[in-house]
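Visitor: Hi, I have this one open on my screen. Could you walk me through it, starting with the lining of a pocket?

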Amino acid sequence: MSGKVAVLGCGTMAGALIGGLIDAGTLKADDVVATARSESHRDEIATTLGVKTTPDNAEAVRGAELVILGVKPYAVVEVLEDVSDSLSDDAIVVSIAAGVTTETLLAAWRGAVVRVMPNTPAQVGKGAFIVSPAPGAQEAGEKVVELLRTVGTVVEVPEKLHDAATAVSGSGPAYVFLMAEAMIDAAVAMGLPRDQASQLTVATLAGSAELLAAGEHPAVLRSKVTSPGGTTAAALAELEAGGVRTAFAHAMTACRDRASTLN
């Protein structure tokens, strides 16, 4: 993308995405204009990201090559309808709203529409992105994929699987952060100072992710750490008894099902 980029509703997720793209050199801050309702939020965005801001969505999209809809799912259609007359015919509209289908988006604007679910690690160049172009928008989808690959891993999925994939990567960082919080709190309860517990937990999660990225199956990696009758085996037995697998299955199903009700 070499032209203007508009971000309508620059909240946490959109801000993480834009911040990552700017830090990676993929976007220039001067080419980005972001909108937010409150003046204080706009000031925060301008200070944090170094981009231009405005309260006017229609003004933001004029001449934009890429328009990112970062507003809440219930507001997506209204915002897209409001700016439809100001959009360039060749603009690409990317929605990062959970649950809002391309069919719904196309009813508001008959142009190139792509659904994307990012996650917050995009802010540090380690994002995971789900991409589902609308029918007829495959070329636009390819441009979006090329853009997002500069700040993470991109997986293009059929739209019928978009909500399921959201339960994996879109909400996934929260699962990891909860696990980290639980590990740190348990370590503190056993007597470790909190700063040491945090250092050990973060390093363990980061290193484990690197091992997973090398491609070996998680079960194989787990077995390499688990000696028969050892300390790890005792710990895993408690997690299994606590229903950790079932809890994850229920949690991710609830995430997918909730996404499907937001359209």
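Guide: Happy to, and keep in mind that this is a predicted model. Let's take the second largest pocket: its lining is made up of 14 nonpolar, 11 polar and four charged residues.

Visitor: Which residues lie nearest the centre of that second largest pocket?

Guide: Those are Gly-9, Gly-11, Gly-70, Val-71 and Lys-72, out of 29 lining residues. As for elements, helix H1 (12-23), helix H4 (76-83) and helix H7 (162-170) each give two or more residues to the lining of this pocket.

Visitor: And how much space lies in the second largest pocket?

Guide: About 780 Å³.

Visitor: Switching to cavities: how many of 30 Å³ or more does a search of the whole structure find?

Guide: The search finds one. The space in this largest cavity comes to about 40 Å³.

Visitor: What lines the largest cavity?

Guide: Its lining consists of Leu-17, Leu-66, Ile-68, Val-94, Val-116, Val-144, Leu-147 and Leu-148. Strand S4 (64-69) and helix H6 (138-148) are the elements that give two or more residues to that lining.

Visitor: Which element gives the most to the lining of the largest cavity?

Guide: H6 does, with three residues.

Visitor: How does the lining of the largest cavity split by class?

Guide: By class, there are eight nonpolar residues, with no polar and no charged ones.

Visitor: New topic, aromatics. How many aromatic pairs does the structure hold?

Guide: One. The partners are Tyr-175 and Phe-248, with ring centres 6.2 Å apart and 80 degrees between the planes. That angle is over 60 degrees, so the pair counts as edge-to-face.

Visitor: Where do Tyr-175 and Phe-248 lie?

Guide: Tyr-175 lies in helix H8 (residues 172-189), while Phe-248 belongs to helix H12 (residues 244-260). The two are 73 residues apart in sequence, so the pair ties together parts that are separated along the chain by that much.

Visitor: What does Phe-248 count as in terms of accessibility?

Guide: Partly exposed, because its relative accessibility is 38%, and that class runs between 20% and 50%.

Visitor: One last thing, helix H9. What should its 20 residues span?

Guide: At 1.5 Å a residue, H9 (residues 194-213) should span 28 Å. The C-alpha atoms at its ends are 28 Å apart, which agrees.

Visitor: And which residue with a positive phi follows H9?

Guide: That's Gly-215, whose phi is near 110 degrees.

How values were computed
Residues numbered from 1 in each chain as written. Predicted model: local features only at pLDDT ≥ 70, side-chain atom pairs only at ≥ 80, totals over all residues. Heavy atoms only, no water. 1 Å grid on protein atoms, 1.4 Å probe; cavity = no way out; pocket = protein on both sides within 12 Å on 5 of 7 lines; lining within 4 Å. Points joined across faces, edges and corners; volume = space filled by probe spheres on them. Helix = DSSP H or I, 4+ residues; strand = E, 2+ residues; numbered from the N terminus. Nonpolar A, V, L, I, M, F, W, Y, C, P; charged D, E, K, R; others polar. Phe/Tyr/Trp six-rings, centres within 6.5 Å; stacked < 30°, edge-to-face > 60°. Buried < 20%, exposed > 50% of the residue type's maximum accessible area, 1.4 Å probe, protein only. Expected span 1.5 Å × (residues − 1).
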